[in-house]
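Here are my notes on the model, for you to read beside the coordinates. Please check each point against the structure as you go.

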Amino acid sequence: MQGIKAAWKHEAAFRQEVILMLLLTPAAFIVGAGLTQQLLLLVLAWLVVIVEILNSAVEAVVDRFGGEMHDLSGRAKDMGSAAVFITLVLNAVVWGAVIGQNWLGWW
């Protein structure tokens with residue numbers, strides 16, 4: 001719980017993503033047709049929050065060991081941010097596919 005509290009207090013992106021996921025949680029039950037789709041949407045939505053916490057942890061450790069610029073520090077931070085980005089894109093693709101299939105009659 002301390003990690004969640006720290007992320008909420010110190011990480012604006014975490015707060016934004018939690019609020020978005022709180023909105024997407026009930027939407028998953030509206031958009032998803034059946035339990036499998038609903039759970040898929042929920043798990044992917046909350047995966048963003050999990051990856052953001054891990055990214056924030058990497059950034060905190062890198063910052064802890066010095067403020068000087070170093071290629072490895074920059075690479076670690078960039079990789080953490082890339083993981084968040086990929087998770088967000090994955091969400092958009094899956095949510096789009098489920099909406100397309102269930103509401104727009106695609107596939």
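This is a predicted model: local features need pLDDT of at least 70, side-chain atom pairs count only at pLDDT 80 or more; totals for chains, interfaces and linings use all residues.

1. Packing of α2 on α3. Helix α2 covers residues 12-31, and helix α3 covers residues 35-64. Their axes come within 9 Å and cross at roughly 175 degrees. An angle over 145 degrees counts as roughly antiparallel, and α2 and α3 are therefore roughly antiparallel to each other. On the α2 side, the contact is made by A13, F14, E17, V18, M21, L22, L24, T25, A28, F29 and V31. On the α3 side, the residues in contact are Q37, Q38, L41, L42, A45, W46, V48, V49, E52 and I53.

2. Packing of α1 on α2. How do the axes of α1 and α2 cross? Helix α1 takes in residues 2-10, and its axis crosses that of α2 at roughly 105 degrees, coming within 5 Å. Angles of 65 to 115 degrees count as roughly perpendicular, so α1 and α2 are roughly perpendicular to each other. From α1, I4, A7, W8, K9 and H10 make the contact. From α2, the partners are A12, F14, R15, V18 and I19.

3. E17. Is E17 buried or exposed? This residue of helix α2 has 10% relative accessibility. The cut-off for buried is under 20%, so E17 counts as buried. Leaving aside residues up to four places away in sequence, E17 touches V48, V49, E52 and V84. The C-alpha atoms of E17 and S56 are separated by 13 Å, and the two residues are 39 residues apart along the chain.

4. N91. Look next at helix α4, residues 71-102, where N91 lies. N91 counts as buried because its relative accessibility is 6%. Which residues does N91 touch, not counting those up to four places away in sequence? They are L44, A45, V48 and G96.

5. The salt bridge. The count comes to 1 salt bridge. D63 pairs with K77, and the closest N and O atoms are 2.6 Å apart. The pair links distant parts of the chain: D63 sits in helix α3 and K77 in helix α4, 14 residues apart. Side chains of opposite charge can pair when their charged atoms come close. D63 counts as partly exposed at 46% relative accessibility. K77 is also partly exposed, with a relative accessible area of 25%.

6. Nonpolar surface patch. I30, W103, L104, W106 and W107 form a nonpolar patch on the surface. Together they have about 700 Å² of accessible area. I30 belongs to helix α2 and counts as exposed at 58% relative accessibility. W107 is in the segment after α4. Its relative accessibility is 72%, so W107 counts as exposed.

7. Backbone at W107. Please look at phi here. W107 has a positive phi of about 65 degrees although it is not a glycine.

8. L23. Helix α2 also holds L23. L23 is exposed, with a relative accessible area of 58%.

Key. Residues are numbered from 1 along each chain as its sequence is written. Side-chain values use heavy atoms; hydrogens and water are left out. Patches are made of residues with over 30% relative accessible area and no salt bridge: like charges are joined within 9 Å, nonpolar side chains (Val, Leu, Ile, Met, Phe, Trp, Tyr) within 5 Å. Accessible areas come from the Shrake-Rupley method with a 1.4 Å probe; for residues, only the protein chains shown count as cover. A salt bridge is a side-chain nitrogen of Lys or Arg within 4 Å of a carboxyl oxygen of Asp or Glu. Helices (H or I, at least four residues) and strands (E, at least two) are DSSP runs, numbered from the N terminus. Buried means under 20% relative accessible area, exposed over 50%, partly exposed in between (1.4 Å probe, protein chains only). Axes are lines fitted to C-alpha atoms, for helices over the stretch in contact, and angles run from 0 to 180 degrees between N-to-C directions. Angles under 35 degrees count as roughly parallel, over 145 as roughly antiparallel, 65 to 115 as roughly perpendicular and the rest as oblique. Contact means heavy atoms within 4.5 Å.
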